[in-house]
Amino acid sequence: MPRPRKRLAGPAGPDKKGPSGKRPKSENPGELSATVELSGSQKTAASNNCGETPSNHWLMKSEPESRLEKGVDVKFGIEDLKAQPKQTACWDGVRNYQARNFLRAMKLEEEAFFYHSNCKEPGIAGIMKVDVQFIRMMKRFIPLAELKTHYQAHKATGGPLKNMALFTRQRLSIQLLTQEEFDFILSLEEKEPS
């Protein structure tokens, strides 16, 4: 599970490990530094801009409730991000190789949903931009149960959430969203819960 933390001062050299004991992602955080395997619908979403630099949307999971992992509290909810200096934090602690590749593929200014996971009521709590900076709270919290209802209906009818990774790759902590998925979820904040 990702554990966003403040970055420590001091750049890491090419042969040096950074403050967290890991090699830095890239000298230029906006630069693609890994090959990312995408599903068919994700490839389409990533290449729809024909010649332009594609802008992706993401869903990033974090735990808003206290839980100790190897003696460290991994709690980090959207309120914690909002309370950071400049409302910005480093997103680290990602262990899954595909999630790490997605993290490396992200570009500055791309938007992501901040998803609360492993808690009493999981769901989308807000929007941030990569490298992660708070943008705003959702107008209303969109719970996982509501998203699942839409996913099941869309699976049968071919709607926007029919292939959403939140349901097809549940354990993946960072997920690529299509523009259609992102826009549909944004539209839900204006509607009464079903």
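Tutor: Happy to! Let us begin at the N-terminal end of H3, which asparagine 96 caps: one of its side-chain oxygens lies 2.8 Å from the backbone nitrogen of glutamine 98. A polar contact here is a pair of N or O atoms within 3.5 Å; within protein, one must be able to donate a hydrogen and the other to accept it, and residues adjacent in sequence count only if both atoms are side-chain atoms. Helices (H or I, at least four residues) and strands (E, at least two) are DSSP runs, numbered from the N terminus.

Before going on, please note that this is a predicted model: local features need pLDDT of at least 70, side-chain atom pairs count only at pLDDT 80 or more, and totals for chains, interfaces and linings use all residues. Residues are numbered from 1 along each chain as its sequence is written, and side-chain values use heavy atoms, with hydrogens and water left out.

Now look along the helix. The buried residues of H3 are Gln98, Ala99, Asn101, Phe102, Leu103 and Ala105, where buried means under 20% relative accessible area, exposed over 50% and partly exposed in between (1.4 Å probe, protein chains only). These buried residues pack against S1 and S7, with contact meaning heavy atoms within 4.5 Å.

That brings us to the largest nonpolar core, which has 23 residues; Trp58, Met60, Leu81, Trp91, Met128 and Ile174 have the most contacts inside it. Such a core is a set of buried Ala, Val, Leu, Ile, Met, Phe, Trp, Tyr and Cys residues joined through side-chain atoms within 4.5 Å. At least two of its residues come from each of strand S1 (57-62), helix H2 (78-83), helix H3 (97-105), strand S4 (111-116), strand S5 (123-129) and strand S7 (174-177). H3 gives the most, with four residues. Methionine 60 shows the link: leaving aside neighbours within four places in sequence, its contacts include Leu103, Trp91, Met128 and Ile174.

What do S1 and S7 belong to? They are part of an open sheet of five strands in the order S6-S5-S4-S1-S7, with mixed pairing; strands pair if DSSP finds at least two bridges between them. The edge strands are strand S6 (133-143) and S7, each pairing on one side only. At the S6 end, S5 and S6 pair in the antiparallel sense over six bridges, and glycine 123 stands opposite proline 143 in S6.
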